[in-house]
Amino acid sequence: MIKKDLPRRMDRASAEQLAIECLGFLAGDGERLSAFLAQTGLDPSSLRSAASSPGFLPGVLDHVAGDENLLLAFAADSGRDPASIGRARDLLGGPPVWSP
């Protein structure tokens, strides 16, 4: 199913929603989630508390955008333009939290 992509000019809520979709995509596959946890230094028990920190959602977007295969897989799965990840990350601002 193809979803309507976020507009080129998205608001903060739309950017956060996209990051949450990315997290759901990662959580939907054990290997993807394991790679995310390994890169961030989180474990499943600390994931929920980390999710409330200000840099978490930008970090999710950094993780997805930092791996072209993962980015393209998310785009194909969600029907989103891969560039929407970068737009959302820019909107959420701040320096990258987790670098690949």
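1. A residue is taken here as buried under 20% relative accessible area, as exposed over 50%, and as partly exposed in between. Asp 29, in the loop between H1 and H2, has a relative accessible area of 28% and is therefore partly exposed. The side chain of Asp 29 also makes a polar contact, reaching the backbone nitrogen of Arg 32 at 2.9 Å. The model under discussion is a predicted one, and the points below should be read with that in mind.

2. On the overall architecture, the secondary structure of the chain comes to six helices and zero strands, so that, read from the N terminus, the order of elements is α-α-α-α-α-α. Of the 100 residues in the chain, 40% count as buried. Among the contacts in the chain with a separation of 6 or more, 70% are accounted for by residues 24 or more positions apart.

3. Helix H5, residues 68–78, has as its buried residues Leu 70, Leu 71, Phe 74, Ala 75 and Ser 78. These residues lie on the same side of H5, because the arc they cover around the axis is only 135°. The other side of H5 carries the exposed residues Glu 68, Asn 69, Ala 76 and Asp 77. As for the partners of the buried residues of H5, they pack against helix H1 (12–27), helix H2 (30–40), helix H4 (56–65) and helix H6 (83–92).

4. Both ends of H5 deserve a remark. Just after H5, the backbone passes through Gly 79, which takes a positive phi of about 75°.

5. For H2 and H4 the angle is about 120° and the axes are 11 Å apart, and the crossing is right-handed. The residues that meet are Ala 35, Phe 36 and Gln 39 from H2, and Phe 56, Gly 59, Val 60 and His 63 from H4. By class, the residues of this contact of H2 with H4 divide into four nonpolar, three polar and no charged.

6. Thr 40 has its place in helix H2, and with a relative accessibility of 13% Thr 40 counts as buried.

7. In helix H6 the buried residues are Ser 84, Ile 85, Arg 87, Ala 88, Arg 89 and Leu 92, a list in which a reader may wish to look at Arg 87 and Arg 89 in the structure. The buried residues of H6 pack against H1, H4 and H5. After H6 comes Gly 93, whose phi is positive, near 70°.

8. What is the relative accessibility of Ser 84, and does this residue count as buried or exposed? Ser 84, which lies in helix H6, has 0% relative accessibility and therefore counts as buried. The C-alpha atom of Ser 84 is separated by 9.6 Å from that of Arg 9, although the two residues are 75 residues apart along the chain.

Notes. Residues numbered from 1 in each chain as written. Predicted model: local features only at pLDDT ≥ 70, side-chain atom pairs only at ≥ 80, totals over all residues. Heavy atoms only, no water. Buried < 20%, exposed > 50% of the residue type's maximum accessible area, 1.4 Å probe, protein only. Helix = DSSP H or I, 4+ residues; strand = E, 2+ residues; numbered from the N terminus. Arc of directions from axis to C-beta. Contact = heavy atoms within 4.5 Å. Axes fitted to C-alpha atoms, helices over the stretch in contact; angles between N-to-C directions. Left-handed = near helix turned anticlockwise from the far one by under 90°. Nonpolar A, V, L, I, M, F, W, Y, C, P; charged D, E, K, R; others polar. Polar contact = N/O pair within 3.5 Å; in protein donor to acceptor, adjacent residues only side chain to side chain.
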